[in-house]
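Hi,

Here is the structure I promised to pass on. Have a look at it first, and then read my notes below.

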Amino acid sequence: MTEINYIICSYIYKNWVETYKSQRSFALDHNLEESIVRKIKNTALKIDESDYTIPVKTLNKICEARNIKLSEFFKLIDL
């Protein structure tokens, strides 16, 4: 597993997805397919040796929905 993929997915899952009532509601609120949220979760929890490389476009969608800039996100994860 690539460490950066794990760091990004872990932050998104543990700080944002887990606070939602469901993965589906997170996906809908962030203009994503539920399968993408599942990939983020699987990578964050190291399920089935998943290693989802989140595209910048997807990461940007999440950040836009949360009203933060990509640069702010990278500061949050300390990169």
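**What I found**

The protein has 79 residues, and a compact globule of that length would have a radius of gyration near 12 Å; the protein has 11 Å, so the two agree. (That radius is taken over C-alpha atoms, and the globule rule is 2.2 Å times the number of residues to the power 0.38.) Before you go further: this is a predicted model, where local features need pLDDT of at least 70 and side-chain atom pairs count only at pLDDT 80 or more, while totals for chains, interfaces and linings use all residues. Residues are numbered from 1 along each chain as its sequence is written, and side-chain values use heavy atoms, with hydrogens and water left out.

**Overall picture**

You'll see 5 helices and 0 strands, so the order from the N terminus is α-α-α-α-α (helices are DSSP runs of H or I with at least four residues, strands are runs of E with at least two, and both are numbered from the N terminus). Along the principal axes, the C-alpha atoms fill a box of roughly 30 × 30 × 20 Å. Of the 79 residues, 41% count as buried; buried means under 20% relative accessible area, exposed means over 50%, and partly exposed is in between, with a 1.4 Å probe and protein chains only.

Contacts here are heavy atoms within 4.5 Å. Taking those with a separation of 6 or more, 57% are between residues 24 or more positions apart. The accessible surface comes to about 5000 Å², and carbon and sulfur atoms hold 46% of that (Shrake-Rupley method, 1.4 Å probe). As for charge, there are 12 positive and 11 negative ones, and their mean positions are 5 Å apart. Lys and Arg count as positive, Asp and Glu as negative, and His and the chain ends are not counted; each charge is placed at NZ of Lys, CZ of Arg, CG of Asp or CD of Glu.

Start with S10, which lies in helix 1 (residues 3–17). S10 has a relative accessible area of 8%, so it is buried. Leaving aside neighbours within four places in sequence, S10 touches N15 and A44. K14 is also placed in helix 1, but K14 is partly exposed because its relative accessibility is 41%. From K14 to S71 it is 57 residues in sequence and 19 Å in space, C-alpha to C-alpha.

How many aromatic pairs does a search of the whole structure find? It finds 5. One of them joins Y11 and W16 edge-to-face, at 5.4 Å centre to centre and 85° between the planes. (Rings of Phe, Tyr and Trp, the last by its six-membered ring, pair if their centres lie within 6.5 Å; planes under 30 degrees apart are stacked, over 60 edge-to-face, and the rest tilted.) Y11 counts as buried at 19% relative accessibility, and W16 is buried at 7%.

Y11 also pairs edge-to-face with F73, at 5.8 Å centre to centre and 80° between the planes. Y11 sits in helix 1 and F73 in helix 5 (residues 70–76), so this pair ties together parts that are 62 residues apart in sequence. F73 is buried too, at 0% relative accessibility. Ring pairs link Y11, W16, F73 and F74 into a cluster.

**Helix 3**

Last stop: in helix 3 (residues 34–44), the buried residues are I36, V37, I40, N42, T43 and A44. What do the buried residues of helix 3 pack against? They pack against helix 1, helix 2 (23–29) and helix 4 (56–65). After helix 3 comes K46, with a positive phi near 55°.

Cheers
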